[in-house]
Each structure stands twice: as C-alpha cells, then as structure tokens.
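Open the model in your viewer and hide everything but the cartoon. The tour below says what to select at each stop.

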Amino acid sequence: MIYITGDTHGLQDFNKLHIFAGEHPELTLNDYVVIAGDFGGVWSDRTLVADLKYYTELPFTVLFVDGNHENFDLLNSFPVEEWKGGKVHKIRPNIIHLMRGQVYEIEGKTIFTFGGATSVDREYRRKGVSWWAQELPTYDELDEGIANLKRHNNKVDYIITHSCGERALQYPGLRAAAGVKLLCPESHMLSYFEDVVQFGHWYFGHFHIDAELGDRYTVLYNNVVGAAE
C-alpha cells in the first residue's frame, strides 16, 4: 500500500505517524508512507541519529520529498542512488528521499516527485543554519523532470510535491491558508506540470491544512491517506 501525509518537521509533527502505525499493525516495510515535504529529520549532523531514531522504528518504509525546511547541505551529502526507476538519497534502509523531477514505479503505480518551496519566514532564519538557498527548485531540475516525464508519455498516476501549482491555489479552501505563499516562484514552475501532465491525483503539503480541492488535488498536514485508485 501507498499512503501520503503532510509535513513532519522532524519530531515536531511526527506523532501522526506513530498513531497511524498503531492503528495499522498489519503494515510492513513493503508498505510506504510518503511525506509531502518538510520532513525535517535530516537537520543536524550532530543530532541526526536521535532525530531519525523514531522514524527507523516505524513498521513501514518512509519516503519523502523535500520541502523548504530541510538542511540541504546535509541532505545532499548522502550519495545519489537509483531506486524504483528514479534518483534517491537513502538516509536509512527504511527512510528514502525522493528527489526532484523523478518518476518512480512503486506497487504498480507511477509517481512523479518535485520537492522544494520558498520559506516565507527566511528573514528570521540564518543561512546555512536554519535556511538554505537550495530550497527553491532550479531550471535544471525542471528540465530533468520534463525529460523523465516524456519517457512516460507525460502520464503518471500520482504527483507528489511540497508546494503546488497556480491552478490549485485558486481553490477557496487553499487561498486563505496560502496568504503570501501565493506569490512564490515555485508555484509558477509547478504550473507547467498542471498544464502538460496527465495525472490521476496530486498530493502536496506546505500549507498546514487538510483539504480536498476538487477531485484531483489533496493538500495534507495531519491526515494520512491512502493513494487514490
């Protein structure tokens, strides 16, 4: 099974995964829970073992796209590997970073991932300590995503990102929560995928709300949901 949830911010919002694991004792490492950005577990080299301890004890495999609140210097220090058809950082055997612009084939489903977003609170953070410029997607990553999608005829079952495109931002349930995030450049970039990709369902986090936006977009924070059939 494939499940998706929103931001975990290290251990700050981890408890939803602990509760979910308790409610589903049948899950194994062959089941996947995807965190839609702001994983936050790879934050400090000094505390990395302690920060990841509770994640490693979960009965399922944790997958995550990157958000904006990640230590990208530390995250990118892990070697790049191939997994399920795309590039990943294997943080631990059951904790895997799904990189930007990749298409994976998991449990018979194709999943396109494209992490990153703008930290609207970056003026209160320190560069290289609590904020990293790599949070914003690059055009090289966009080009890689376009190329990978073309190999799949621009058709996937799921898109999982941290932020969302401009079309999703128009839903009234999201506009109020988005606020200044409406002006962020990554939404314009993600709009390309809204326009050219045939997808079954798009999941994202970032906005700290849970809502269904029409029948093809889901924004997640506390909820853990099964991937739509």
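Select His-9, Gln-12, Asp-38, His-69 and Arg-125: of the 18 residues that line the largest pocket, these lie nearest its centre. Note before going on that this is a predicted model. The largest pocket has a volume of about 300 Å³. Colour its lining by class and you will find two nonpolar, 10 polar and six charged residues.

Next, move to the second largest pocket, which holds about 180 Å³ of space. To display its lining, select Asp-66, Phe-72, Leu-75, Asn-76, Lys-87, His-97, Met-99, Arg-100, Gln-102, Gln-134, Glu-141 and Glu-144. Helix H3 (72-75) and helix H4 (139-150) are the elements that give two or more residues to this lining. Coloured by class, the lining of the second largest pocket shows three nonpolar, four polar and five charged residues.

The last stop is a single residue. Select Ser-119, in the loop between strand E8 (109-114) and H4. Is Ser-119 buried or exposed? Ser-119 counts as buried because its relative accessibility is 0%, and the cut-off for buried is under 20%.

Now show the side chains around Ser-119. Leaving out residues up to four places away in sequence, Ser-119 touches Asn-68, His-69, Trp-131 and Glu-135. Two of these contacts can be drawn as distances. From the side chain of Ser-119, draw one line to the side chain of Asn-68, a polar contact of 2.9 Å. Draw another to the side chain of Glu-135, where the polar contact is 2.6 Å. Keep His-69 on display as well: this residue touches Ser-119 and is among those nearest the centre of the largest pocket.

Note on methods:
Residues are numbered from 1 along each chain as its sequence is written. This is a predicted model: local features need pLDDT of at least 70, side-chain atom pairs count only at pLDDT 80 or more; totals for chains, interfaces and linings use all residues. Side-chain values use heavy atoms; hydrogens and water are left out. On a 1 Å grid over the protein atoms alone, a cavity is a set of points where a 1.4 Å probe fits but cannot get out, and a pocket is an open set with protein on both sides within 12 Å along at least five of seven lines; lining residues have an atom within 4 Å of a point. Grid points are joined across faces, edges and corners, and a volume is the space filled by probe spheres set on the points. Ala, Val, Leu, Ile, Met, Phe, Trp, Tyr, Cys and Pro count as nonpolar, Asp, Glu, Lys and Arg as charged, and the others, Gly among them, as polar. Helices (H or I, at least four residues) and strands (E, at least two) are DSSP runs, numbered from the N terminus. Buried means under 20% relative accessible area, exposed over 50%, partly exposed in between (1.4 Å probe, protein chains only). A polar contact is a pair of N or O atoms within 3.5 Å; within protein, one must be able to donate a hydrogen and the other to accept it, and residues adjacent in sequence count only if both atoms are side-chain atoms. Contact means heavy atoms within 4.5 Å.
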